[in-house]
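Hi,

Here is the structure I said I would pass on. Have a look at it first, and then read on for what turned up.

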Amino acid sequence: MNGLLDDQAIILGISQDPPETTPPEKCRYDACIVISDEQPLDGSVREAILPAGLYAVYKVKHTAEALEQAWGDIFSELQSSGYQMDTKPVFERYAGEIVSSGACEICVPIRKA
C-alpha cells in the first residue's frame, strides 16, 4: 500500500514464542520491513528498533527442511564456538539478492561464553 515492498526491501521475521514449548495456535510471529528514519508512518503499523550487537548470520536455503535443519545445527555450533546466544530477538532476514537465490538468513544474537 505504501510502496515499500520492492526489490530492495529487507523483510524480517521474528518469532515471539518458542515453538518447542508453545502450542502452534498460540505462536506469535512478527513480519517486519526495514524502513529509513525519514519514512512517514500512518498509524497502521508499529515501529520498533532491533537492538544493536553481535549476531551470527547463517545463510540457509529457504525450504522448510533446510530451515528446520539449520535451527537444529545453530545451537550446537554456537556451543562449540565459544559463543552463546544473547537475549535479543533471533530473526530471519529476507533481502533481494538472497531471496532471489532461494535463500534467507537466520540472525542469532551472540556474546562470548
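Trp71 comes out as partly exposed, because its relative accessibility is 28%, which falls between the 20% limit for buried and the 50% limit for exposed. Do bear in mind that this is a predicted model. Phe75 gets the label partly exposed too, with a relative accessibility of 33%.

How many aromatic pairs does the structure hold? There are 2. In one of them, the ring centres of Trp71 and Phe75 are 6.2 Å apart and the planes meet at 20 degrees, so this pair counts as stacked; the cut-off for stacking is under 30 degrees.

Next, the inside. The largest nonpolar core is made up of 13 residues. Tyr58, Val60, Ile74, Leu78, Ile106 and Val108 have the most contacts within that core. Which elements give two or more residues to it? They are β3 (55-61), α1 and β6 (103-112). If you click on Tyr58 and skip its neighbours within four places in sequence, you'll find contacts with Ile74, Glu77, Leu78, Cys104, Glu105, Ile106 and Val108. There's also a second, separate core of 5 residues, with Ile14, Tyr55, Phe91 and Cys107 among them. As a general background point, nonpolar side chains in soluble globular proteins tend to be buried together.

Is Thr22 buried or exposed? It is buried, because its relative accessible area is 16% and the cut-off is under 20%. Leaving out residues up to four places away in sequence, Thr22 touches Asp17 and Cys27. A polar atom of the Thr22 side chain also lies 2.9 Å from the backbone oxygen of Pro18.

Cheers

Methods: Residues are numbered from 1 along each chain as its sequence is written. This is a predicted model: local features need pLDDT of at least 70, side-chain atom pairs count only at pLDDT 80 or more; totals for chains, interfaces and linings use all residues. Side-chain values use heavy atoms; hydrogens and water are left out. Buried means under 20% relative accessible area, exposed over 50%, partly exposed in between (1.4 Å probe, protein chains only). Contact means heavy atoms within 4.5 Å. A polar contact is a pair of N or O atoms within 3.5 Å; within protein, one must be able to donate a hydrogen and the other to accept it, and residues adjacent in sequence count only if both atoms are side-chain atoms. Rings of Phe, Tyr and Trp (its six-membered ring) pair if their centres lie within 6.5 Å; planes under 30 degrees apart count as stacked, over 60 as edge-to-face and the rest as tilted. A nonpolar core is a set of buried Ala, Val, Leu, Ile, Met, Phe, Trp, Tyr and Cys residues joined through side-chain atoms within 4.5 Å. Helices (H or I, at least four residues) and strands (E, at least two) are DSSP runs, numbered from the N terminus.
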